[in-house]
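Let us walk through this structure step by step, from the whole chain down to single contacts.

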Amino acid sequence: MNAGQSIWDKLFRLVLALLVCAGLLGVFFWYKPVIEENQHYRRDKLELEKKIAKEQEIAHKLEADLRAFQNPTTVERLARERLSYAKPGESVIHFDPPPGASQTQ
């Protein structure tokens, strides 16, 4: 009889171990979509943080331009360069760019 009890004890332990493994697998597959969704949100958050940093950089550049336009000397210089304005009595002379050079404004 001792041998029969040991077989049942082994089977009971085996079934118990299989139930624990099945429970762990069930929990894993239950939370797998949640984990994937969390990873998706983290990637989105990283992309949005990059966009925020880029937009903040643009905002700093625009603020610098705004401060520059508050200076009358800068406004006069830009009007002379880009709009070909001149003071009374001055002459505006335009030079052709060298061939192959790109114009940037």
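Buried residues account for 3% of the 105 residues in the chain. The model is a predicted one. The chain exposes about 10,400 Å². Carbon and sulfur atoms supply 62% of that area.

What does the secondary structure of the chain come to? It comes to two helices and zero strands. The chain has a radius of gyration of 37 Å, whereas the globule rule gives 13 Å for 105 residues, so the chain is more spread out than a compact globule. The box tells of the outline. Along the principal axes, the C-alpha atoms fill roughly 125 × 35 × 15 Å.

Start with helix α1, which covers residues 2-69. Leu 11 has its place in this helix. Leu 11 also belongs to a nonpolar surface patch, together with Ile 7, Trp 8, Leu 14 and Leu 18. The patch has an area of about 550 Å². Is Leu 11 buried, partly exposed or exposed? Its relative accessibility is 40%, so Leu 11 counts as partly exposed. That value also passes the cut-off for patches, which take residues with over 30% relative accessible area and no salt bridge.

Next come the aromatic rings. The count of aromatic pairs comes to one. The partners are Phe 28 and Phe 29, with ring centres 5.2 Å apart. Their planes stand at 70°, and the pair is therefore edge-to-face. The reasoning rests on the cut-off: planes over 60 degrees apart count as edge-to-face. Phe 28 has a relative accessible area of 44% and is partly exposed. Phe 29 has 51% and is exposed, because the class of exposed residues begins over 50%.

Now turn to the charges. The whole structure holds five salt bridges. Take Glu 76 as the way in. Glu 76 forms a salt bridge with Arg 80, and the closest N and O atoms are 3.2 Å apart. Both residues lie in helix α2, which covers residues 72-83. Four residues separate Glu 76 from Arg 80, about one turn of the helix. Glu 76 is partly exposed, at 36% relative accessibility. Arg 80 is partly exposed too. Its relative accessible area is 29%.

Glu 76 has another partner. A salt bridge joins Glu 76 to Lys 87, with the closest N and O atoms 3.5 Å apart. Why does this pair tie together parts that are 11 residues apart in sequence? Glu 76 lies in helix α2, while Lys 87 lies in the segment after α2, so the contact connects these two parts. Lys 87 is partly exposed, with a relative accessible area of 44%.

The side chains of Arg 80 and Glu 90 meet in a salt bridge, 2.8 Å from N to O. This pair links distant parts of the chain: Arg 80 sits in helix α2 and Glu 90 in the segment after α2, 10 residues apart. Glu 90 has a relative accessible area of 38% and is partly exposed.

Which residues do these salt bridges join into one network? Shared partners bring together Glu 76, Arg 80, Lys 87 and Glu 90. Helix α2 contributes Glu 76 and Arg 80. The segment after α2 contributes Lys 87 and Glu 90.

Key: Residues numbered from 1 in each chain as written. Predicted model: local features only at pLDDT ≥ 70, side-chain atom pairs only at ≥ 80, totals over all residues. Heavy atoms only, no water. Patch = residues over 30% accessible without salt bridge, like charges linked within 9 Å, V, L, I, M, F, W, Y side chains within 5 Å. Areas by Shrake-Rupley, 256 points an atom, 1.4 Å probe, with all protein chains shown as cover. Salt bridge = Lys/Arg side-chain N within 4 Å of Asp/Glu carboxyl O. Buried < 20%, exposed > 50% of the residue type's maximum accessible area, 1.4 Å probe, protein only. Phe/Tyr/Trp six-rings, centres within 6.5 Å; stacked < 30°, edge-to-face > 60°. Rg over C-alpha atoms; globule rule 2.2 N^0.38 Å.
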